[in-house]
Amino acid sequence: MNAKTLIAAVVSAGFAAGAFAQEATIFEIPTTSELSRAEVKAQIQQADRDVLFAGEATVFAEAAPTQGRSREEVRAEARQALREGWSFGGEATLFPQEQFASVRTREEVRAEAIEHLRRQRRGG
C-alpha cells in the first residue's frame with residue numbers, strides 16, 4: 001500500500017510540474033544607455049512640460065486646451081449648456097435629449113394612473 005501511494009505521489013508530482021512550466025524565451029534587456037544622466041533628466045523635464053496632469057483627465061501637449069477665454073465667458077457657456085439640457089457629472093455626463101410633447105393632458109394621465117392602482121388593489 002505504501003509503494004502504491006509513493007508511486008502515485010511521484011507520478012502526480014511529475015504531472016503537476018507541467019503546471020509550473022514557464023516560457024523558455026530569454027529577452028535581451030540592455031543594461032547600458034547611450035545617454036548621459038543629464039540628457040535623461042532633460043528628457044523627463046520636457047515630458048513633464050508636455051503633459052498636464054489632472055488625475056484621470058491627463059491631457060497631452062498636442063491636445064492641450066487653449067488659453068484664450070475669460071472666466072466669465074466659460075461660466076456663461078456652462079450656463080447656456082445647462083439651459084440646453086446638458087448635465088456635467090464627470091463620467092456620468094448626460095447629453096440633451098429631444099423633448100416630445102404629450103398628446104394627453106395631465107388629468108388624463110393622472111386618471112389612468114389612479115385606475116391602474118385601483119385595479120392592482122382589486123387583484124385584477
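**Reading the surface of a predicted model**

Guide: The protein has 4 helices and 2 strands, and this is a predicted model. From the N terminus on, the elements follow the order α-α-β-β-α-α.

Visitor: What percentage of the 124 residues count as buried?

Guide: A residue counts as buried when its relative accessible area is under 20%. In this protein of 124 residues, 2% count as buried. The protein exposes about 12300 Å², of which carbon and sulfur atoms supply 57%.

Visitor: Which residues form a nonpolar patch on the surface?

Guide: A patch takes in residues with over 30% relative accessible area and no salt bridge. Here the nonpolar patch consists of Ile 7, Val 11 and Phe 15, which together have about 340 Å² of accessible area. Phe 15 belongs to helix H1, residues 2-17.

Visitor: Why does Phe 15 count as exposed?

Guide: The class of exposed residues begins over 50% relative accessible area. Phe 15 counts as exposed because its relative accessibility is 67%.

Visitor: Which residues form the positive surface patch?

Guide: Lys and Arg count as positive. In this structure, Arg 71, Arg 75, Arg 79 and Arg 83 make up a positive surface patch. Of these, Arg 75 is located in helix H3, which spans residues 71-83.

Visitor: Is Arg 75 buried, exposed or partly exposed?

Guide: Partly exposed residues fall between the buried and exposed classes. Arg 75 has a relative accessible area of 40% and is therefore partly exposed.

Notes
Residues numbered from 1 in each chain as written. Predicted model: local features only at pLDDT ≥ 70, side-chain atom pairs only at ≥ 80, totals over all residues. Heavy atoms only, no water. Patch = residues over 30% accessible without salt bridge, like charges linked within 9 Å, V, L, I, M, F, W, Y side chains within 5 Å. Areas by Shrake-Rupley, 256 points an atom, 1.4 Å probe, with all protein chains shown as cover. Salt bridge = Lys/Arg side-chain N within 4 Å of Asp/Glu carboxyl O. Charge placed at Lys NZ, Arg CZ, Asp CG, Glu CD. Buried < 20%, exposed > 50% of the residue type's maximum accessible area, 1.4 Å probe, protein only.
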